[in-house]
Amino acid sequence: MAASPADPPTLPVSRPHPLSAAAFAESYGEPLHSILDLGTWRQGVDLVREYARIDREIAAAVEFETEQEHRVREEVLPKISFMPEAIPEAGLYTLKRADIEATHRGLLFNGGVEACDGTHHRHDTLALTIHQVGVCLVSYTGNQGSWSTRLFRRDLREDHGDPVETMTRLLERRGARAGLNQPDRRDGLTELAERALMSYAEVAVLLDQSKATWRMGHGLPAPYQLLAGAGNPDVAVTSIRLLRRLIADHKRFVYVSSEGGDREYLTLGQALRPLEYLVLGTLDERIDRFVRDITFGPKPTIDTAWEPGGKPLGPQEWVIRFRDEVASQVVFGVYRASRLAPPQMFYAHRDHFEVAAAIAVADSVLLEQRGFPMLIDLADRTCKGVYGGGGLKEMAEAAYSRAGAGLRFGSERANRPG
């Protein structure tokens, strides 16, 4: 894969600051006090005026962004690899059509790359919360397998004989949870069931079920929910062991995110031409934002030695050591597959990032308007087809009906006609 380096280091982390009237006016072009006055709002819908305003705003935004793209390409991209904190791999790289064709023939279309994606569905009622997690592994030679589990959460499963104590404990536990169908990061059990288990299963399937040389994942190769373990040290340590095997041992992987978390990197990506990519930094820089804030509750119940026979480490030490020794092996960057599509963020091992980037770009070329890997799309659609949420909802509602409860334990929004 022919390459020509020229890339940027990590950009500063933006910190939230209080909203000021001046900041509002600068961003939205209207004074804050005017928006808070309902008299300035329009009554009803004036489609002619709204279409005209939307056209003006979008045209102005596109013109401004296009001008900035030219400036970024001329002034920023050539200097990226020479910035003081730039990693050795940092730079601008260009793939050729021959590279794309070779990747299609030699890796993608002969099953040399397998992708995994998962789906989670929740059926939440006052009486019972059902979590359904499914993951699917696919390649262009066919579906390689699917796995699923269901968790049934009741706030209290035992009646201890004292009806007042039982009722009190039930109210206390429900008082600590969010409302029906409402997310709450304080609820570690929900976060574990919804996010950590699915992310863990995706990595486990890629690592232990895939037979392909190259593995493709969706999102971040070291997601917060696995490193944090929903506050449980056993989950965090077990997850880090799994991630270490994939990143430090297997090495041949590429992850692509659906939603880039950094607008500054996507701005650099907009200046790319088709089949170009930037290497920007290493994963340890990105996860450092949240690693230092992770806290754990109970003491670990499993062996926490980093090496076999070594001394036990605390869960926070595991996270820090993972950041410094494992995540530092992963580079991240941004690529563009076509002129019609937005740029995408990708992650790969620094020993194999050129092949990984070629795989991501070559697969994304197949979806010209979206510029996103079609293999991940295939895994996502397969998973939703096999483990779609509609089936869980229908099964649960039918079971409630057979139990004589109808819809009375659900929420209004969940019971609203489609």
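Of the 50 residues in the largest nonpolar core of this predicted model, Leu-77, Leu-227, Leu-278, Ile-287 and Phe-322 touch the most other members. A nonpolar core is here a set of buried Ala, Val, Leu, Ile, Met, Phe, Trp, Tyr and Cys residues joined through side-chain atoms within 4.5 Å, where buried means under 20% relative accessible area, exposed means over 50% and partly exposed lies in between, with a 1.4 Å probe and protein chains only. Helix H8 (residues 233-250) gives the most to this core, namely 7 residues. A second, separate core has 34 residues, including Ala-90, Val-331, Ile-359 and Leu-375. In soluble globular proteins, nonpolar side chains tend to be buried together.

Contact means heavy atoms within 4.5 Å. When neighbours within four places in sequence are left aside, Phe-322 is in contact with several residues, among them Leu-227, Ile-240, Leu-243, Ile-287 and Trp-306.

The model is predicted, and its local features need pLDDT of at least 70, while side-chain atom pairs count only at pLDDT 80 or more and totals for chains, interfaces and linings use all residues. Residues are numbered from 1 along each chain as its sequence is written, and side-chain values use heavy atoms, with hydrogens and water left out.

The protein has 15 helices and 9 strands, which are DSSP runs numbered from the N terminus (helices are H or I with at least four residues, strands E with at least two). Helix H4 (residues 97-108) and helix H12 (residues 353-365) pack at an angle of about 90 degrees, and their axes are 9 Å apart. H4 is therefore roughly perpendicular to H12, a term for angles of 65 to 115 degrees. The meeting residues include Ile-100 and Leu-107 in H4, and Ala-358 and Ile-359 in H12.

Two residues differ in their surroundings, as the table shows.

| Residue | Place | Relative accessible area |

Not counting residues up to four places away in sequence, Arg-73 touches Pro-78, Ala-271, Leu-272, Arg-273 and Glu-276. Ala-403, in turn, is 283 residues from His-120 in sequence and 25 Å from His-120 in space, C-alpha to C-alpha.

For the protein as a whole, buried residues make up 44% of the 418 residues, and the C-alpha atoms fill a box of roughly 75 × 70 × 40 Å, taken along the principal axes.

Definitions and conventions: Axes are lines fitted to C-alpha atoms, for helices over the stretch in contact, and angles run from 0 to 180 degrees between N-to-C directions. Angles under 35 degrees count as roughly parallel, over 145 as roughly antiparallel, 65 to 115 as roughly perpendicular and the rest as oblique.
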